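Have the sequence and the coordinates open as you read.

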Amino acid sequence: MAKTIAIANQKGGVGKTTTSINLASGLAYLNKRVLLVDFDPQGNTTQGVGHHINIDEPTVYDALMGDVSAKDCIKSLKRPPLDIFPANINLAGADLELAEIEEEREEMLKKTLAEVKDDYDYIIIDCPPSLGLLNTNALTAADSVLIPVQCEYYALEGVTQLLQTIRLVQKLFNPKLKIEGVLLTMYDARTNLSAEVGQEVRKHFKEKTYKVHIPRNIKLSEAPSRGKSIFDYDMNSEGAKAYVALTKEVVEANR
């Protein structure tokens, strides 16, 4: 049965989608069976792995809110060698529709993924940059949360709300939910700020902070616009080396 990891931070621009794509791809290139779930209405993860949705193609929205099965929505890719559960702007309306459902609305994604959970080793969920019902669904469906933290001022303040949401989900819907790890992103070794934020995050989260940090790297920024993981775009880049290290840390922690 798959280990389900939600990549979450309610702040945008912290490297959440980049981490979702490249961690999922890294696991896939280690011959793990991987499902990458795009749960962000912007659909950046879907586009970032090079999948272009046809007008009549069912997406995660249809599986969540309609009577379409997950297996009818999931697409298999060759590079990276993983399966994508795609999303598009239709998902934006799901928050409002979920709010009108009275029972078990927080468990819709969990039920959707239950159909395919035995088919994979890892399910990676790219969460939206918000704290609405979509995020609650992702956290309820997940075994653990990986939190990307950008190396900037007030980095930890941005995580505080997410931690409160995690505690609430643990209390009400998913008592087994754990923090998988905290990942420092956009790390600039030339600045004191990155080092200071890194120290602060490690002091707060201790061993939950990954040893590797993800550097500011132009190749990481370019890869999604080409519809490629960093491994398919530039395997020799510093960004690729960092995500290789992260992938190994995640696998080691889940042995």
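Predicted model: local features only at pLDDT ≥ 70, side-chain atom pairs only at ≥ 80, totals over all residues.

Residues are numbered from 1 along each chain as its sequence is written, and side-chain values use heavy atoms, with hydrogens and water left out.

**The aromatic pair**

Let's start with the rings. The structure holds 1 aromatic pair (rings of Phe, Tyr and Trp, the last by its six-membered ring, pair if their centres lie within 6.5 Å; planes under 30 degrees apart are stacked, over 60 edge-to-face, and the rest tilted). The partners are tyrosine 29 and phenylalanine 231, and the pair is edge-to-face because the ring planes stand at 80°, with the centres 6.3 Å apart. Tyrosine 29 sits in helix H1 (residues 16–29) and phenylalanine 231 in helix H11 (residues 230–233), so the pair ties together parts that are 202 residues apart in sequence. Helices here are DSSP runs (H or I, at least four residues), numbered from the N terminus.

**Single residues**

| Residue | Relative accessible area | Class |
|---|---|---|
| Tyrosine 29 | 33% | partly exposed |
| Phenylalanine 231 | 11% | buried |
| Glycine 48 | 1% | buried |
| Threonine 17 | 17% | buried |
| Leucine 168 | 49% | partly exposed |

Glycine 48 belongs to helix H2 (residues 44–48). Leaving out residues up to four places away in sequence, glycine 48 touches Ile21, Pro224, Gly227, Lys228 and Ser229, where contact means heavy atoms within 4.5 Å. From glycine 48 to serine 229 there are 181 residues in sequence, but 7.3 Å in space, C-alpha to C-alpha.

Threonine 17 is in helix H1. With residues up to four places away in sequence again set aside, threonine 17 touches Asn44, Thr45 and Asp126. Leucine 168, for its part, is in helix H8. Leucine 168 and glutamate 249 are 81 residues apart in sequence and 28 Å apart in space, C-alpha to C-alpha.

**Helix H8 and its contacts**

Now for the helix packing. Axes are lines fitted to C-alpha atoms, for helices over the stretch in contact, and angles run from 0 to 180 degrees between N-to-C directions. How do helices H8 and H9 lie relative to each other? The axes of H8 (residues 155–172) and H9 (residues 192–205) come within 10 Å and cross at roughly 30°. H8 and H9 are therefore roughly parallel (angles under 35 degrees are roughly parallel, over 145 roughly antiparallel, 65 to 115 roughly perpendicular, and the rest oblique). On the H8 side, Ala155, Leu156, Val159 and Leu163 meet Val197, Glu200, Val201, His204 and Phe205 of H9. The residues of this contact of H8 with H9 split into 7 nonpolar, 1 polar and 1 charged (Ala, Val, Leu, Ile, Met, Phe, Trp, Tyr, Cys and Pro count as nonpolar, Asp, Glu, Lys and Arg as charged, and the others, Gly among them, as polar).

Helix H7 (residues 133–141) also packs on H8, with the axes 10 Å apart at an angle of about 60°, and H7 and H8 are therefore oblique to each other. Thr136, Leu139 and Thr140 of H7 meet Thr165, Ile166 and Val169 of H8. The contact of H7 with H8 has 3 nonpolar, 3 polar and no charged residues.

How values were computed. Helix = DSSP H or I, 4+ residues; strand = E, 2+ residues; numbered from the N terminus. Buried < 20%, exposed > 50% of the residue type's maximum accessible area, 1.4 Å probe, protein only.
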